[in-house]
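Please look at the sequence and the 3D structure before reading on.

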Amino acid sequence: MLLKCILPWMMTTRTNCYRSSITRFSRDIYSRLYPNYLVLPDGSTIRIRYPEPRHLVKLPVDIASLSEKEQKTRLLRRSAVQKEKMEITLDTDYDPSAYLNKYAK
């Protein structure tokens, strides 16, 4: 008798309306199609129905169809940016008499 009373209570606490607002849907296959925007390589957008709820779906750009200048700029954007190494030099010469005018009497 005790098990019959506890089991429905456990089932209702696990599946309530707040579950999906706290975490994402953990589904491998979505049962419906969602309205999304498809961004074409030229920058234009088309509204499509997509099986996953995303906002934008981008198509890749064919690099072979670009001019040589655009190809170089795209490849430079893909490469990692190297940070310049800064050399820090410390002055060890300290003259306290240069700061005597800063002190109030």
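Strands here are DSSP runs (E, at least two residues), numbered from the N terminus, and two strands pair if DSSP finds at least two bridges between them. This is a predicted model, in which local features need pLDDT of at least 70, side-chain atom pairs count only at pLDDT 80 or more, and totals for chains, interfaces and linings use all residues. Residues are numbered from 1 along each chain as its sequence is written, and side-chain values use heavy atoms, with hydrogens and water left out.

**The sheet**
- Three strands form an open sheet in the order S2-S1-S3, and their pairing is mixed.
- Strand S2 (45–50) and strand S3 (56–58) are the edge strands, each pairing on one side only.

**Pairing of the strands**
- Strands of a sheet pair through backbone hydrogen bonds, in a parallel or an antiparallel way.
- Six bridges join S1 and S2 in the antiparallel sense, and Pro 35 has Arg 49 in S2 as its bridge partner.
- S1 and S2 form a hairpin with five residues between them; in its turn, Gly 43 has a positive phi of about 105 degrees.
- Strand S1 (residues 34–39) pairs with S3 in the parallel sense over three bridges, and Leu 38 has Val 57 in S3 as its bridge partner.

**Val 57**
- Val 57 lies in strand S3.
- With a relative accessible area of 12%, Val 57 is buried (buried means under 20%, with a 1.4 Å probe and protein chains only).
- Leaving aside residues up to four places away in sequence, Val 57 touches Tyr 37, Leu 38, Val 39 and Tyr 50, where contact means heavy atoms within 4.5 Å.
- Val 57 and Tyr 37 are 20 residues apart along the chain, and their C-alpha atoms are separated by 6.1 Å.

Key: Helix = DSSP H or I, 4+ residues; strand = E, 2+ residues; numbered from the N terminus. Buried < 20%, exposed > 50% of the residue type's maximum accessible area, 1.4 Å probe, protein only.
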